[in-house]
Amino acid sequence: MSGPSTYNPKSGFERWLDARLPLPRLMHDTMQTFPTPRNLNIWYTFGGILTFCLGVQIITGVVLAMHYVANAGLAFDSVEAIMRDVNYGWLIRYMHANGASMFFLAVYIHMFRGLYYGSYKAPRELIWIIGVLIYLLMMATAFFGYVLPWGQMSFWGATVITNLFSAIPVIGNHIATWLWGDFAVGDATLNRFFSLHYLLPFIIAGVVGLHIWALHVPGNNNPLGIDVKSPQDTLPFHPYYTVKDAFYLVLFVILFAGFVFYSPDFFGNPDNYQPANPLVTPPDIVPEWYLLPFYAMLRSIPNKLLGVIVMGGAIVTLVFIPWLDTSRVRSCRFRPLMKQFFWAFAVCCVLLGYCGAQAVDAARFGIPLVWVARIASLYYFAFFWLIMPIIGLIETPKKLPASIAQSVFGDNAATPAE
Amino acid sequence: MAATTSDAGTRRDFIYVASASMGAVGAAALAWPFIDQMNPTTAALALASTEVDLSAIQPGQQIVYKWRGHPLFVRRRTPAEIAAAKAVDVASLPDNNARNANVADNLPATDANRAIKPEWLVLIGVCTHLGCIPTVSTPAIPEGEYGGWLCHCHGSMYDTAGRIRKGPAPENLPVPPYAFLSDTRIKVG
């Protein structure tokens, strides 16, 4: 869809610039005239929302770094000073902390949207894979960031996650020591985590550039999952989608502001308001909510190495989805069988998250949650490695509409007036 | 000095390959300092030792000290706890290795191989699963099913000799190098 450029420089300066650095041409072609399917719904506004989230995290993060001290003896107090003494420090820190949760909320909606409408299928495999990479970088950044306040959850979260690497046979303990820079999580660990926490968002921004570049070659998928066939199927990105994205962004920011101003510690853990103590582990260590499903998988397996492999495998699996889905139809709207398994998958992810938040030996209705987590983990992997390939072969999809325009306007208005 | 044009490649090919190879070796050599700088500094590597006074510890009580950044469990076991530890068939243990720095490697995890004096159990109190600190079990407040320790993070249970009995942890709690300076004083490290 990145067809011939329609940019037409008007002034002498624009012509001069266009011959040297065609930046206005790039902006014009990608953000203004870019032909976008005319049937995109609310779920397609989350790409823009995510870009906004990244911007919020970088701006608030740079400000916080002006006041934060990455030293095991001073970190906790410097965060308290940000909360109490720095002008509007409380606001900026709460924006940053809740911004991380908002970022993950948006990215999960974005990913489930891609799964539902088959946005990972040819020719968009690389967009999906780059997206998985961004998700991985986001998890690493969020983990490093969570360690910085140097509270009890920071310290013990860092201990548990870095110890995952010690499960690797033979060299595992050396890797853990290498990550810590000591024989336990300590000052050296905190310093390097701060350095990486500052670096990674800029790497994410670069990879987001690749994600958008790759998107602009085939163009957007759409809720029907059918290809754009004629100019009548599309609308220019501006003003149609700039306005739509902006509208839903405002709704999203209202939710964001609701947490920041009315329940800023909703996603937090009270244990993290206690300074890190290397000699006392809190009774229940839980990661941030967005990592709970993977944590539940880890805990449900009574073997250290196997648990780590399953947890890592759950994320690595996502890379292979473009080739695990054998269906020739993209959108679940036309896949009656897949639609049901998709929603079962969504429920299973929520269930895993719930199990991950409970105590290790908890039970509900007489059922040990560890078994709920085991079955849900099994379904997670079966969904991608068994159900997806098999359903694609045996399912009879519903009839696809002839074109996007026909589905929007009906048969009678096949050639609408612009 | 005419350039040869055989299939074996020209002098120019050789120079390309040789210089690219040297470049790769140089890059790899330069990468090492950037990797190794993350390892513990010489200050962190300097071995520290700690002396522990045992006289105040009552039977059935555990005191936690800090040694090399890790918690050190010193537990004065009751006769019942020692008997329970000795009654275990070591062949049935998930990890039948003494994990004791004071005895030879690969000895079976009998109680005698875990403690220098049966009354005193000295352990590094870091769960061998993912590094949390297990909670000690007492008759008043039992933790886990084996009277030793329970790790609340992921449910690993240790017995009264600090051996893993149930849960995801792969190994027994390690015994650090220590020696009795007197009946009531040990030196760890």
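Predicted model: local features only at pLDDT ≥ 70, side-chain atom pairs only at ≥ 80, totals over all residues.
Good morning. I begin with helix 14 of chain A, residues 336–357, which has 22 residues and spans 33 Å between its first and last C-alpha atoms, close to the 32 Å expected at 1.5 Å a residue.

Which residues of helix 14 of chain A are buried? They are M338(A), F342(A), F345(A), A346(A), C348(A), C349(A), L352(A), G353(A), C355(A) and G356(A). These buried residues pack against three helices of chain A: helix 5 (89–116), helix 11 (292–300) and helix 15 (369–394).

Let us look at one residue of helix 15 of chain A, namely A373(A). Leaving aside residues up to four places away in sequence, A373(A) touches A296(A), S300(A), L352(A) and C355(A). Why does A373(A) count as buried? Its relative accessibility is 3%, and buried means under 20%. By contrast, I203(A), 170 residues away along the chain, has its C-alpha atom 34 Å from that of A373(A).

I turn now to chain B. An assignment divides chain B into domain 1, residues 1–39, and domain 2, residues 45–188. The centres of domain 1 and domain 2 of chain B, taken over C-alpha atoms, are separated by 54 Å.

As background to the sheets, strands pair through backbone hydrogen bonds, in either a parallel or an antiparallel manner.

In chain B, 3 strands make an open sheet with antiparallel pairing, in the order 2-3-4. At its edges are strand 2 (62–67) and strand 4 (120–124) of chain B, each of which pairs on one side only. Ignoring direction, neighbouring strands of this sheet are turned by 20° against each other on average. Strand 2 of chain B is joined to strand 3, residues 70–76, by 6 bridges, and the two run antiparallel. One residue pair can be named here: Y65(B) has L72(B), in strand 3 of chain B, as its bridge partner.

There is also an open sheet of 4 strands in chain B, ordered 5-6-7-8, and its pairing is antiparallel. Which strands form its edges? They are strand 5 (135–136) and strand 8 (164–166) of chain B, each pairing on one side only. Strand 5 of chain B pairs with strand 6, residues 147–150, in the antiparallel sense through 2 bridges.

Thank you for your attention.

Technical notes
Residues numbered from 1 in each chain as written. Chains lettered and ligands numbered in written order. Heavy atoms only, no water. Pairing = 2+ DSSP bridges. Axes fitted to C-alpha atoms, helices over the stretch in contact; angles between N-to-C directions. Domains from an automatic or database assignment. Expected span 1.5 Å × (residues − 1). Buried < 20%, exposed > 50% of the residue type's maximum accessible area, 1.4 Å probe, protein only. Contact = heavy atoms within 4.5 Å.
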